[in-house]
Structures are given as C-alpha cells and as structure tokens.
Amino acid sequence: MKIAVIGLGLIGGSIAKGFKKYTDYGILGYDTDETVMKKALESGAIDRTLGDELAECDIVVLGLYPETAINVMKKYAPIIGKNTVVTDCGGVKEKVCRGIFPIAREYGFTFIGAHPMAGIEQFGFDWSNADMFKGASLILTPFDETPDEKTLFLWNAFSKIGFSRLQMSTPEEHDKIIAYTSQLAHVVSSSYIKSPTAMNHTGFSAGSFRDMTRVARLNEDMWTELFLENAGNLTNEIDFVVDKMQEFSDAIKARDAETLRKLLKEGREKKELSEKCDMQ
C-alpha cells in the first residue's frame with residue numbers, strides 16, 4: 001500500500017505519523033513549507049517527498065484548507081490513477097465535495113470526503129502525533145455513486161491508525177451538525193476569553209475556565225475559511241445561543257428566580273439527554 005499525504009500540518013502530519021507507526025505502508029508527503037518537509041523526513045513521518053507518483057498511490061490524503069484542496073485537485077487530477085481513492089480532512093464538506101466530486105468523475109478516480117473528529121488546540125506539524133486518532137470517530141461523506149467497496153477500503157486503512165467509529169453522512173448533514181458541535185464552540189470560546197476579567201483569572205479559575213477557553217487558541221486563518229464556508233449553518237447556531245443568553249440576562253436582571261431555575265433545569269435535562277444518546 002502506498003499513501004500520499006499532501007499538507008503536513010497537525011492533522012496531515014498526524015495521519016502520516018500514524019501510518020508510519022502502525023502499518024508497513026509506504027508514506028509519501030508534500031508540504032509547501034520546506035522547513036516542514038525537512039522535519040517530516042528527518043522525523044521519519046514520511047519515507048520520501050512526493051514527486052510524480054500520484055498515479056501509483058492507493059490513497060491520497062489532502063491535509064489542506066478547502067479552497068486549496070479543490071485547486072490542488074484541479075491541477076493534479078489528470079495524473080491520479082483510476083484506482084486511487086482521494087480523501088480530505090477538512091472541517092466543511094459541502095464546498096470540498098461540490099468542488100472535487102465532478103473532477104473525480106471526469107478523470108475516473110474516487111473521491112470520498114472525510115473529517116477526522118480529533119485534534120488539539122495547537123496547530124502545525126510540530127504538534128502532530130501518531131496517536132492523535134486513538135478512539136476517534138471518522139466521518140465519511142461519499143457520493144451517491146461511490147462504490148461501497150471503495151468506502152470500506154478507505155475505512156479499513158484509517159482504522160489501522162486508531163479510528164474506532166465510522167460515521168457516514170452527507171456533506172449537507174455534516175456541515176449542519178458540525179456548525180453546532182465544533183464551530184460554535186470555537187466562536188463561544190473566542191468570545192468568552194475577550195472579557196477584560198479574563199486577564200485577572202489567576203487564582204480564581206479551575207476546570208470550567210480551562211474548558212471554556214481551550215479552543216480559543218486556534219488557527220485563525222483556517223477557522224476563518226471554515227466559518228465563512230459554513231456561514232448559514234453557523235450563524236443559525238450563533239443566533240440561537242444569543243437568544244438563550246438573552247433569556248438568562250433578562251431573568252437575572254429581573255431577579256426572576258422561577259424563570260432562572262427553569263432555564264437552568266432545561267439545560268441540565270438537555271445535557272442528561274445528550275449523554276444518554278452518546279451511550280446508544
């Protein structure tokens with residue numbers, strides 16, 4: 001098996017390292033940053049720099065921002081092998097799938113959108129980790145005409161680096177749900193840390209503060225693109241939270257204990273219900 005990873009940031013680098021650690025696959029890599037390429041080669045994350053071997057690769061992983069992933073496919077599609085499965089790691093799926101599916105159909109290779117549900121608040125190759133995906137969920141968004149055996153082939157390969165749950169989705173469903181489960185959390189965290197009080201938290205904060213602020217340490221270039229590519233879904237979620245926060249503010253200002261208790265009870269019950277769903 002030969003795998004090419006294009007884009008060796010946190011996720012792409014972790015995928016390369018994972019395959020090197022847990023399989024005997026040949027790993028080819030490419031990144032526009034020469035320093036990253038040097039580190040990838042010296043650390044053994046990849047066997048060699050990707051050259052003209054795209055036609056020989058069984059899997060091509062695009063560890064790139066959505067727009068860049070589409071442009072790379074437009075450029076290199078003519079030399080990708082007909083039996084190759086191309087996948088990506090992006091946090092939005094509609095744009096990428098809408099952009100790459102037609103290219104894959106035209107040139108005869110398979111493209112399956114993917115989103116590894118793992119990561120940390122740091123970014124870049126220096127923070128990549130072969131064990132990043134232990135126990136993680138992998139979302140796949142194949143096209144209607146994608147052969148089931150191609151999807152299974154991709155899943156079988158990725159399960160070797162630690163993924164333990166396969167979640168199938170459409171690109172549209174993915175983007176709607178991820179706006180809530182991931183993107184909204186980053187917006188809330190970034191907003192929360194901007195309070196002037198945050199600079200005086202030492203000695204007054206514990207787990208709640210750490211949990212709320214962890215993902216405010218983000219890659220603003222990547223998240224700006226992801227937010228804008230999923231603007232409709234994300235703004236719906238933001239507006240909903242703003243409305244709920246206003247309900248709390250109104251109840252507290254009015255010293256309305258009954259309403260405040262009701263709002264808190266609703267939140268607790270929703271949390272308990274979500275935990276039951278997790279166990280199913």
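Cysteine 57 sits buried in this predicted model, at 2% relative accessibility (buried is under 20% relative accessible area, exposed over 50%, and partly exposed in between, with a 1.4 Å probe and protein chains only). Cysteine 89 is buried too, with a relative accessible area of 12%. As for disulfides (a pair of cysteine sulfur atoms within 2.5 Å), a search of the whole structure turns up 0. For cysteine 57, the nearest cysteine sulfur belongs to cysteine 89 and is 15 Å away. For cysteine 89, the nearest one is that of cysteine 97, at 12 Å.

A few ground rules apply: residues are numbered from 1 along each chain as its sequence is written, and side-chain values use heavy atoms, with hydrogens and water left out. Since the model is predicted, local features need pLDDT of at least 70 and side-chain atom pairs count only at pLDDT 80 or more, while totals for chains, interfaces and linings use all residues.

On to the helices (DSSP runs of H or I, at least four residues, numbered from the N terminus). Helix 3 (residues 66-76) packs with helix 4 (residues 94-107) at an angle of about 5°, and their axes are 9 Å apart. Axes here are lines fitted to C-alpha atoms over the stretch in contact, and angles run from 0 to 180 degrees between N-to-C directions. The pair therefore counts as roughly parallel (angles under 35 degrees). On the helix 3 side, Pro66, Glu67, Ala69, Ile70, Met73 and Lys74 meet Lys95, Val96, Gly99, Ile100 and Ile103 of helix 4; contact means heavy atoms within 4.5 Å. By class, that makes 7 nonpolar, 1 polar and 3 charged residues, where Ala, Val, Leu, Ile, Met, Phe, Trp, Tyr, Cys and Pro are nonpolar, Asp, Glu, Lys and Arg are charged, and the others, Gly among them, are polar.

Over in helix 1 (residues 10-22) is tyrosine 22, partly exposed at 32% relative accessibility. Its C-alpha atom is separated by 8.5 Å from that of alanine 130, 108 residues apart along the chain. Beyond neighbours within four places in sequence, tyrosine 22 touches Ala130, Asp131, Lys134, Lys160 and Ile161.

Technical notes
Helices (H or I, at least four residues) and strands (E, at least two) are DSSP runs, numbered from the N terminus. Angles under 35 degrees count as roughly parallel, over 145 as roughly antiparallel, 65 to 115 as roughly perpendicular and the rest as oblique.
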